[in-house]
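Please walk through this structure, starting with the sheet and ending with the metal site.

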Amino acid sequence: MILRWIAVGIPLLGYSIEVKMQALSIVQAGEPVLRQKARELSVEEILSPEIQDLIEEMKMTMREAPGVGLAAPQIGRSVQLIVIEDMNHSHLTQEQLEERKRFPVPFHVVINPRLAIESEAHVEFFEGCLSVPALLGIVPRAEAVRVECLNERAEPVVIQAQGWYARILQHEVDHLQGTLFIDRAYLSALTTQENYMKLWNKKSIKKIKEGLGLPGA
Ligand code: ZN
């Protein structure tokens, strides 16, 4: 288990005390918790110090990984809690951002989500998962989704998402149902991260599908 600690200073009565927060270890494919249906959280649970601390720890864990989303089963907790943040796009060209319809998504919390597909259109692109290291797969995802959920204050929220944000939501909500991206990926086109960077990083999805011999390219 990798332990990483950061110190957070909290002003209290003029003093500053240190609270140790721990980045959590991310469970990997093969752990049963990744295949279980996660249970809903009650309003009381969401507002409890335990879950509020867990949200902070998941935020830190996602940022350290780094990833753009993290679902509670990935840190071994079978509850319907997700954190999402997709702000750092410096590794992508403008063309790649446009092709993937990837726009900045600030940090937010998704609890007890109900996801509805809003678009018949499916888009295909590589995605990976912090629980399935070193592999990327081409996954068809709905272009637009609507998610009804609670936020970290247990308030009802409706999210309308398109493009890459819709992909993130579908990937993370899948985690709460015990589904991993490899269940939806074209298995014949599974690619190591190393080969993705070497062979496909700058190519369009059409060129990638042609190159990997996928039908419909
Ligand atoms: Zn994942």
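The paragraphs below take up the sheet, the helices on it and the zinc ion in turn.

This is a predicted model, in which local features need pLDDT of at least 70 and side-chain atom pairs count only at pLDDT 80 or more, while totals for chains, interfaces and linings use all residues. Residues are numbered from 1 along each chain as its sequence is written, and side-chain values use heavy atoms, without hydrogens and water.

An open sheet is formed by 5 strands in the order 3-4-5-8-9, with antiparallel pairing. Strands (E, at least two residues) and helices (H or I, at least four) are DSSP runs numbered from the N terminus; two strands pair if DSSP finds at least two bridges between them. Strand 3 (69–71) and strand 9 (156–162) are the edges, each pairing on one side only. Neighbouring strands are turned by 40 degrees against each other on average, direction ignored. Angles run from 0 to 180 degrees between N-to-C directions, with axes fitted to C-alpha atoms, for helices over the stretch in contact.

Helix 2 (residues 49–64) packs on the sheet and touches strand 3, strand 4 (81–86) and strand 5 (105–117); contact means heavy atoms within 4.5 Å. The direction of helix 2 makes about 40 degrees with that of strand 4. Helix 4 lies across strand 3, strand 4, strand 5, strand 8 and strand 9, at about 155 degrees to strand 4.

The zinc ion is coordinated by Cys 129 (SG), His 171 (NE2) and His 175 (NE2), at 2.1 to 2.2 Å. Donors are N, O and S atoms within 2.8 Å of the metal (3.2 Å for Na, K and Ca); water is not among the atoms, so sites may look incomplete. Cys 129 lies in strand 6 (residues 122–129) and His 171 in helix 4 (residues 163–176), 42 residues apart. Cys 129 counts as buried because its relative accessibility is 10%; buried means under 20% relative accessible area, exposed over 50%, partly exposed in between (1.4 Å probe, protein chains only).
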